[in-house]
Amino acid sequence: LSARGNWHSRRRIGIMGGTFDPIHNGHLVAASEVSWVYDLDEVIFVPTGRPVFKLDKHVTNAEDRYLMTVIATASNPKFTVSRVDIDRPGITYTIDTLRDIRAQHPDAELFFITGADAVAEIMEWKDAERMWDLAHFVAVTRPGYSGPEGAHLPEGKVDTLEIPALAISSTDVRRRAAHDEPVWYLVPDGVVQYIGKHGLYRRRSE
Ligand code: ATP
Ligand code: MG
């Protein structure tokens, strides 16, 4: 599956889905690393609408999460941001994300990038079996989260890629912002400024 240096006839597109509340440097390093190893032409960041696994939690409004994602990815010519999930009403299911991106890029080879912790939940996703036909799945590891070993996954469908360890999570960034602790260098500078300017994560949100 990993294919650097090979000649590819089809455009290769990574899809990095996430709540991005806020986007942080762990997300960016993961996307950059997968892009390099899999020789991708583009990585599309897709902020979720209403994430199915976070229905019980407060999530920052989609437009703020979208704008922070745009700011964080603006300097990388290979990174783009899609509104498909935030513009689709209702709960976000990965199968819908894949179908929408597929419709926009009918000839591309798609690589869905997800954390190893999220992969464990893949089998419970809506229409899980049909997702394997739409994209390759790349599970990226991060420190402190267990890999997909215990998960029940179809053979050869999910690749695991170790990325440089960045023990950053959006949860920790929100907690820091709520306590007026620094978030510099955990998120891109523009995102630090956006959080301050709009007063995001002031208390209550964890
Ligand atoms: P939260 O703490 O709110 O759950 P998060 O940091 O996990 O946020 P998400 O938006 O949920 O961020 O993550 C999107 C994807 O990026 C997930 O698949 C997640 O596993 C992966 N990911 C998040 N942080 C890292 C990191 N530091 N290294 C590698 N992958 C990461
Ligand atoms: Mg998470």
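Student: What classes of residue make up the shell around ligand 1?
Tutor: In this predicted model, the shell has seven nonpolar, nine polar and three charged residues.

Student: OK, and which ones come nearest to the ligand?
Tutor: Out of 19 residues around ligand 1, the nearest are Gly18, Gly26, Gly115, Ser170 and Thr171. Helix 1 (25–37), strand 6 (109–115), helix 5 (116–119) and helix 7 (170–178) each give two or more residues to that shell.

Student: Which element gives the largest share?
Tutor: Helix 1, with three residues.

Student: Back to Gly115, what's its bridge partner in strand 7?
Tutor: Val140. Strand 6 and strand 7 (residues 136–141) run parallel, and five bridges join them.

Student: What order do the strands of the open sheet come in?
Tutor: The order is 4-2-1-6-7-8, six strands with parallel pairing. Strand 4 (79–81) and strand 8 (158–162) are the edges, since each pairs on one side only. From one strand to the next, the twist averages 30°.

Student: New topic: where does helix 2 lie?
Tutor: Helix 2 lies across strand 2 (42–47) and strand 4, and runs at about 160° to strand 2. Helix 2 (residues 62–73) also packs with helix 8 (residues 189–197), at an angle of about 150° and with the axes 8 Å apart.

Student: So are those two helices roughly parallel or antiparallel?
Tutor: Roughly antiparallel, because the angle is about 150° and anything over 145 counts that way. Their crossing is right-handed.

Student: Which residues make the contact?
Tutor: Leu67, Met68, Ile71 and Ala72 from helix 2, plus Gly190, Val191 and Tyr194 from helix 8. That's six nonpolar, one polar and no charged residues.

Terms used
Residues numbered from 1 in each chain as written. Chains lettered and ligands numbered in written order. Predicted model: local features only at pLDDT ≥ 70, side-chain atom pairs only at ≥ 80, totals over all residues. Near = placed C-beta within 6 Å. Helix = DSSP H or I, 4+ residues; strand = E, 2+ residues; numbered from the N terminus. Nonpolar A, V, L, I, M, F, W, Y, C, P; charged D, E, K, R; others polar. Axes fitted to C-alpha atoms, helices over the stretch in contact; angles between N-to-C directions. Parallel < 35°, antiparallel > 145°, perpendicular 65-115°, else oblique. Left-handed = near helix turned anticlockwise from the far one by under 90°. Contact = placed C-beta atoms within 7 Å. Pairing = 2+ DSSP bridges.
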